[in-house]
Amino acid sequence: MELVKIMPSESVVMKSIYSRLENWTMDGTVLWFLRINTGKIQTPFGSWVQLAPKGTSDFVAVIRNRVCGLSILFIEAKGTGGTLRPDQMIFRKRFIGEKDVHYLVINDPKELDKIVNMLSHDTVSDIQWPK
């Protein structure tokens, strides 16, 4: 019998990221985060409301950076094999080279664990690596 590894869908990755950000908020690692929705929605009265522009990341978070104070994370959730759309690449380019601002494409929530731990701890020995 061959074991088949089931790769997570984007919605599973998104839920896992949300849960992690909530937990880090409770322990003080994350100061604030927001799940961002894009597109438009129609109200019960028939009018339309514009949400965030297309290409905006799925999450934005402010985390404690033990070395330099605070870091801002723009987090885009993707299922296995998912890639950025052109509008997402344009959004990402805005932040390339900005100090303490990170645009992350996460398709495995354990990647986010490693990044947050590296940014929020002084030394490698303080990092609690995921199992």
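Along the sequence, the elements come in the pattern α-β-β-β-β-β-α-β-α. That makes three helices and six strands in the chain; helices (H or I, at least four residues) and strands (E, at least two) are DSSP runs, numbered from the N terminus.

The model is predicted: local features need pLDDT of at least 70, side-chain atom pairs count only at pLDDT 80 or more, and totals for chains, interfaces and linings use all residues. Numbering starts from 1 along each chain as its sequence is written, and side-chain values use heavy atoms, with hydrogens and water left out.

**Whole chain.** Show the surface first. The chain exposes about 8700 Å², and carbon and sulfur atoms supply 58% of it; accessible areas come from the Shrake-Rupley method with a 1.4 Å probe, and for residues only the protein chains shown count as cover. Of the 131 residues, 35% count as buried, where buried means under 20% relative accessible area, exposed over 50%, and partly exposed in between (1.4 Å probe, protein chains only). Among contacts (heavy atoms within 4.5 Å) with a separation of 6 or more, 54% are between residues 24 or more positions apart.

**The sheet.** Switch to cartoon and select β1, β4, β5 and β6. These strands make an open sheet in the order β1-β4-β5-β6, with mixed pairing; two strands pair if DSSP finds at least two bridges between them. β1 (30-35) and β6 (101-106) are at the edges with a single partner strand each, so one side of each has no neighbour in the sheet. From one strand to the next, the twist averages 20°; axes are lines fitted to C-alpha atoms, for helices over the stretch in contact, and angles run from 0 to 180 degrees between N-to-C directions.

**The β4-β5 hairpin.** Select residues 59-65 and 69-77. Strands β4 and β5 run antiparallel and are joined by seven bridges, forming a hairpin with three residues between them. Two places to check are F59, which stands opposite I75 in β5, and R64, which stands opposite L70 in β5.

**From β5 to β6.** β5 and β6 are paired in the parallel sense over six bridges, and I72 stands opposite V101 in β6.

**Helices across the sheet.** Select residues 10-27. This is helix α1, lying across β1, β4, β5 and β6 and running at about 150° to β1. Next select residues 109-120, helix α3, which lies across β4, β5 and β6 at about 160° to β6.

Zoom in on S71 in strand β5. Is S71 buried or exposed? S71 counts as buried because its relative accessibility is 0%. The side chains of S71 and N65 are joined by a polar contact of 2.8 Å, meaning a pair of N or O atoms within 3.5 Å; within protein, one must be able to donate a hydrogen and the other to accept it, and residues adjacent in sequence count only if both atoms are side-chain atoms. Leaving out residues up to four places away in sequence, S71 touches A61, V62, I63, N65, D100 and H102.

End at D100, in the loop between α2 and β6. D100 has a positive phi of about 60° although it is not a glycine. Most residues other than glycine have a negative phi.
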